[in-house]
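Here's a quick briefing to read alongside the structure. Have the model open and follow each point as you go.

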Amino acid sequence: MNDVSDSGLLTTASGLLFSGNREGHFFALDAKDGKLLWDRYLGGQVASSPITWSIDGQQFVSIASGHAVFTFGLPDR
């Protein structure tokens, strides 16, 4: 990251930490050691807090970036 983050943080029971930044990246870190596990460029500033939710046992994480909302399915751990 070259800039600060305005996004909130979300942690999961499985030890993931999700956040985003002004540069348009949405990422997952290992909550224990901060290691980058996953990163996606979404094209717009991420200034909202991520949310997680589930349907029929499948967990998802959603985030707003620019003028869009992105949703990703989490793998079973």
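**A salt bridge and its surroundings**

The side chains of Arg22 and Asp6 meet in a salt bridge, at 2.9 Å from N to O. This pair ties together distant parts of the chain: Arg22 sits in the loop between β2 and β3 (25–30), while Asp6 is in the segment before β1 (10–11), 16 residues apart. Keep in mind that this is a predicted model, where local features need pLDDT of at least 70, side-chain atom pairs count only at pLDDT 80 or more, and totals for chains, interfaces and linings use all residues. Residues are numbered from 1 along each chain as its sequence is written, and side-chain values use heavy atoms, with hydrogens and water left out.

**More on the salt bridge**

- A salt bridge here is a side-chain nitrogen of Lys or Arg within 4 Å of a carboxyl oxygen of Asp or Glu.
- Searching the whole structure turns up one salt bridge.
- Side chains of opposite charge can pair when their charged atoms come close.
- Arg22 counts as partly exposed because its relative accessibility is 36%, on a scale where buried means under 20% relative accessible area, exposed over 50% and partly exposed in between (1.4 Å probe, protein chains only).
- Asp6 is partly exposed too, with a relative accessible area of 37%.

**Strands and how they pair**

- Strands (E, at least two residues) are DSSP runs, numbered from the N terminus, and two strands pair if DSSP finds at least two bridges between them.
- There's an open sheet of four strands in the order β1-β2-β3-β4, with antiparallel pairing.
- β1 and β4 stand at the edges with a single partner strand each, so one side of each has no neighbour in the sheet.
- β3 and β4 pair in the antiparallel sense over five bridges, and Ala28 has Trp38 in β4 as its bridge partner.
- Strand β5 (residues 51–55) and strand β6 (residues 58–65) run antiparallel, joined by five bridges, with Ile51 opposite Ser62 in β6.
- β5 and β6 make a hairpin with two residues between them.

- Leu17, in strand β2, counts as buried at 18% relative accessibility.
- Leaving aside neighbours within four places in sequence, Leu17 is in contact (heavy atoms within 4.5 Å) with residues including Leu9, Phe27 and Ala31.
- Arg40, in strand β4, is partly exposed, with a relative accessible area of 38%.
- Not counting residues up to four places away in sequence, Arg40 touches Gly24, His25, Phe26 and Phe72.

**The largest pocket**

- A pocket is an open set of points on a 1 Å grid over the protein atoms alone, where a 1.4 Å probe fits, with protein on both sides within 12 Å along at least five of seven lines; lining residues have an atom within 4 Å of a point.
- The largest pocket has a volume of about 180 Å³, a volume being the space filled by probe spheres set on the points, which are joined across faces, edges and corners.
- This pocket is lined by 11 residues, and Leu16, Phe18, Trp38, Leu74 and Pro75 lie nearest its centre.
- β2 (16–20), β4 (36–41) and β7 (68–73) each supply at least two residues of that lining.
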